[in-house]
Amino acid sequence: MKLRKMVGLALVSVMALSLSACGGSAPKATTAAEKTESQASEAAKTESKAETTEASKGGIAKEDLKVGFIYVGDENEGYTAAHYKGAMEMKKALGLSDDQIIIKWNVPEDETCKDAAMDLADQGCNIIFANSFGHESYMLEAAKEYPDVQFCHATGYQAATSGLSNMHNYFTNVYESRYVSGVVAGLKLNKMVEDGKVNKDAVKVGYVGAYPYAEVISGYTSFFLGVRSVCPEATMEVKYTNSWASFDLEKEAADALISDGCVLISQHADTTGAPTACEAAGVPVVGYNISMIATAPKTALTSASIDWGPYVTYAVQSVIDGKTIDTDWCQGYKEGANSITELNKDAVAPGTEEKVKEVEDAIKAGTLHVFDTSAFTVGGKKLETYKKDGSDVEYIKDGYFHESEHGSAPAFDILIDGITTIDK
Amino acid sequence: MSKGKEPVFQMTKRDAIEPWKAWMIRLIAVALSLVVCAGVIIALTGLNPVEVYKGIFDGAVGTKRRAWMTIRDTLVLLCIAVGITPAFKMRFWNIGAEGQILIGGVTSAAMMIYLGNTLPPVILFPLMLAGSALAALVWAIIPAFFKAYWNTNETLFTLMMNYVAMQVVTFGIIFWENPKGSNSVGTINSATKGGWLPKLFGLEYGWNLVIVLALTIAMFVYLRYSKQGYEIAVVGESGNTARYAGINVKKVILRTMAISGAVCGIAGFIIVSGASHTISTSTAGGRGFTAIIVSWMSKFNTFAMILVSFFLVFMQKGAGQIASQFNLNENAADVITGIILFFILGCEFFIDYKVRIRSAKQAGSEE
């Protein structure tokens, strides 16, 4: 009996024993570990010596440069497609060859990202970009191990507090594109009311959001403010998918919003799920990242989009020149980092083009502020002051919320009047 | 003349086949599959297949780091396959490994967070290992209990338990979220490395290697040479026979699932403490299901599982590389893996059966 039981327990107990045996020699193991680590870093130093000498001459010679990209999706997914387009713009602008660009596709937001980043560094990349929010902590890990490689992370916010000089965050003023696309939507709503297709008291917009993060909240709020600037009676309903890119969930969410009475849909999620649902239901839709006209030829109005080219070009050029890359980089319409995609002539209301031009000019000139506090209320009151937890930064000054000025990642995370969210 | 209906191919079951012949057949199958893959690669992409194979090889073991990543993931897959094997040998369709890994992993993560920086390693690591094994053991024994006493469907039950485990992990993520609002736990104790399995013999994944190989050997011995292993086989063949032979079937089911769950829990511990140092809903990453393929392809031989899990991970790592190097979608590598698997599985037919082609002489003869 005893013997049998012992065999039964062998699997666990043997392991436990051997582990505790290890514990005794743990300090030794650690020293050994440290030794290999220091050896490794020494090796890294000697390797980078060549680079440093060149850096003193002014960065890294263009021909010796290697650029790595970590993408959460592939070209079939709008968000990554936009990033890829930006990378190709950089390649063309700086005249790099194909083998100087290494791309890792479909890297999920888990430890795979660290593996990918380290592997790119091993392959000799001097600068590595990652494009998804959840990649950030793994990029930080890799940045610690490769102090000579520049790590640039889009949509993140931890570079400034990380204390690492080779970690950088970047984003664009996408709220400006969203605002302009909201104006296009608002004009369409007005036309629908005018045509008697929609009752004036039932102008409700639906929004398919990814996660309840500041980036998404800032996005839909700016879109809504754009809508309301031309169609003041509009309200909005937001539904989260809790995923950045899921065709099925986005389509379902759009369908649910439409059956809930929404007469126009927009999205902050990466696939063509919502436009597909809208085309089937004949509901106008404003997309994100890429033009949705191919998916929804009758109903897509336009899409809020980001051009990543200016940043990627700037960052890589900085490495070539041996200059420091901004810890937080954020630019917008004025610098060509934001725009809306082509207007669908078959779907938009007449006069849209002129109005869009007017709004765009005002944004570029700095006379129009998207988060103008006189344009919205929170709990029935005007927002006078806003500080984030544990920070002393006052976001509201001169009558508007200073979005993306104190860090590249969006900060506006307030639910304003007129918007309701379903789910959590 | 009357015997004209004799088929062109005649199949007869082999009694036995010499191992070297069986391995020859398998080798020929792999070679053939590579030829077919080459054809597919040329037809679909126009690339040089040799370059693509080189890319796969390079991606899996091309640098020291890549080789270690491949070994690390092979060990995890192997550990899970070893874990689910006793259950499958008992014909208990345990598709709940995914959940058992997550529960083991979340237990390890909790200990790393709460005890990782305070307890000495000599206590911490055995505690983490035992705790993860125990938690997953309990998780696995629940469906086993219902199966043993009320004959519930274990396939559905274990599958459903995966979703519950997923929710437990989601809760843990929100509870331990770091930084707040990121919807992820991030790297646990990234500064202190508390609760990270230390290096062994200077190897980053030395402990993973030792633990998993020890489990592989122990499981082989347990299944092949122990009385309990024999009981598992008998229950798997027929519950009634087992009962007739005086085996307590209920007890065997409970005990076997307990072992199965515990090993899967250890896999969770290895992933969290020994590899990823974080917990997320993708910690198991479908490997609880892939391990089923590994286990069956190896015919429950834990040593064969080393090869099979290495092959699958090798292809997966290679897939990422060719996607990156040739701008091919990763699905291209899935196609290649699929073709190779098809041949490997298909060749088992030729190992079990002898195929005789009716020769012209035979067809012509009267007899």
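For the helix pairs described here, axes are lines fitted to C-alpha atoms over the stretch in contact, and the angle between two of them runs from 0 to 180 degrees between N-to-C directions. In this predicted model, helix H4 (residues 97-115) of chain B and helix H5 (residues 121-150) of chain B pack at an angle of about 145°, with axes 8 Å apart. Chain A holds twelve helices and 15 strands, whereas chain B holds 14 helices and two strands.

- Chain A has 424 residues, of which 50% count as buried.
- Among the contacts in chain A with a separation of 6 or more, 68% join residues 24 or more positions apart.
- Chain B has 367 residues, and 45% of them count as buried.
- For chain B, residues 24 or more positions apart account for 78% of the contacts with a separation of 6 or more.
- Taken along the principal axes, the C-alpha atoms of chain B fill a box of roughly 85 × 60 × 35 Å.

**Nonpolar cores**

- In soluble globular proteins, nonpolar side chains tend to be buried together.
- The largest nonpolar core in this model has 132 residues, and those with the most contacts inside it are A:Ile70, A:Ala117, A:Ile128, A:Met139, A:Ile265 and A:Val285.
- Helix H7 (residues 174-194) of chain A gives the most to this core, contributing nine residues.
- Another core lies apart from this one; it has 83 residues, including B:Tyr205, B:Tyr222, B:Val263 and B:Ile306.
- When neighbours within four places in sequence are left aside, A:Ile265 is in contact with A:Gly206, A:Val208, A:Ala254, A:Leu257, A:Ile258, A:Ala274, A:Cys278, A:Val283 and A:Val285.

**Helices H7 and H12 of chain A**

- The axes of H7(A) and helix H12 (residues 352-365) of chain A come within 10 Å and cross at roughly 155°.
- Angles over 145 degrees count as roughly antiparallel, and H7(A) and H12(A) are therefore roughly antiparallel to each other.
- H7(A) and H12(A) form a right-handed crossing.
- On the side of H7(A), the contact is made by A:Glu176, A:Val180, A:Val183, A:Val184 and A:Leu187.
- On the side of H12(A), the contact is made by A:Thr352, A:Lys355, A:Val356, A:Val359, A:Glu360 and A:Ile363.
- By class, this contact has seven nonpolar, one polar and three charged residues.

**Helices H4 and H5 of chain B**

- The crossing in which H4(B) passes H5(B) is right-handed.
- H4(B) makes the contact through B:Gly99, B:Gln100, B:Ile103, B:Gly104, B:Thr107, B:Ser108, B:Met111 and B:Leu115.
- H5(B) takes part with residues including B:Leu124, B:Leu127, B:Met128, B:Gly131, B:Trp139 and B:Ala140.
- The contact of H4(B) with H5(B) has eleven nonpolar, seven polar and no charged residues.

**Helices H8 and H10 of chain B**

- Helix H8 (residues 227-237) of chain B and helix H10 (residues 249-276) of chain B pack at an angle of about 115°, with their axes 10 Å apart.
- Angles of 65 to 115 degrees count as roughly perpendicular, and H8(B) and H10(B) are therefore roughly perpendicular to each other.
- H8(B) and H10(B) cross in a left-handed manner.
- The contact joins B:Glu231, B:Ile232 and B:Val235 of H8(B) with B:Val249, B:Val252 and B:Thr256 of H10(B).
- Four nonpolar residues, one polar residue and one charged residue make up the contact of H8(B) with H10(B).

**Two buried residues of chain A**

- A:Glu215 is found in helix H8 (residues 214-230) of chain A.
- A:Glu215 is buried, with 22 other C-beta atoms within 10 Å, the cut-off being 20 or more.
- Not counting residues up to four places away in sequence, A:Glu215 touches A:Thr155, A:Ala409 and A:Pro410.
- A:Glu215 and A:Asp413 are 198 residues apart along the chain, and their C-alpha atoms are separated by 7.8 Å.
- A:Tyr207 has its place in strand S6 (residues 204-209) of chain A.
- A:Tyr207 counts as buried, with 29 C-beta neighbours inside 10 Å.
- Leaving aside neighbours within four places in sequence, A:Tyr207 is in contact with A:Tyr220, A:Met236, A:Glu237, A:Val238, A:Ser266 and A:Gln267.
- The C-alpha atoms of A:Tyr207 and A:Ala300 are separated by 14 Å, with the two residues 93 apart along the chain.

Conventions
Residues are numbered from 1 along each chain as its sequence is written. Chains are lettered from A and ligands numbered from 1 in the order in which they are written. This is a predicted model: local features need pLDDT of at least 70, side-chain atom pairs count only at pLDDT 80 or more; totals for chains, interfaces and linings use all residues. A nonpolar core is a set of buried Ala, Val, Leu, Ile, Met, Phe, Trp, Tyr and Cys residues joined through C-beta atoms within 7 Å. A residue is buried if 20 or more other C-beta atoms lie within 10 Å of its own, exposed if 12 or fewer, and partly exposed in between; C-beta atoms are placed from the backbone. Helices (H or I, at least four residues) and strands (E, at least two) are DSSP runs, numbered from the N terminus. Two residues are in contact if their C-beta atoms, placed from the backbone, lie within 7 Å. Angles under 35 degrees count as roughly parallel, over 145 as roughly antiparallel, 65 to 115 as roughly perpendicular and the rest as oblique. A crossing is left-handed if the near helix is turned anticlockwise from the far one by less than a right angle, and right-handed if clockwise. Ala, Val, Leu, Ile, Met, Phe, Trp, Tyr, Cys and Pro count as nonpolar, Asp, Glu, Lys and Arg as charged, and the others, Gly among them, as polar.
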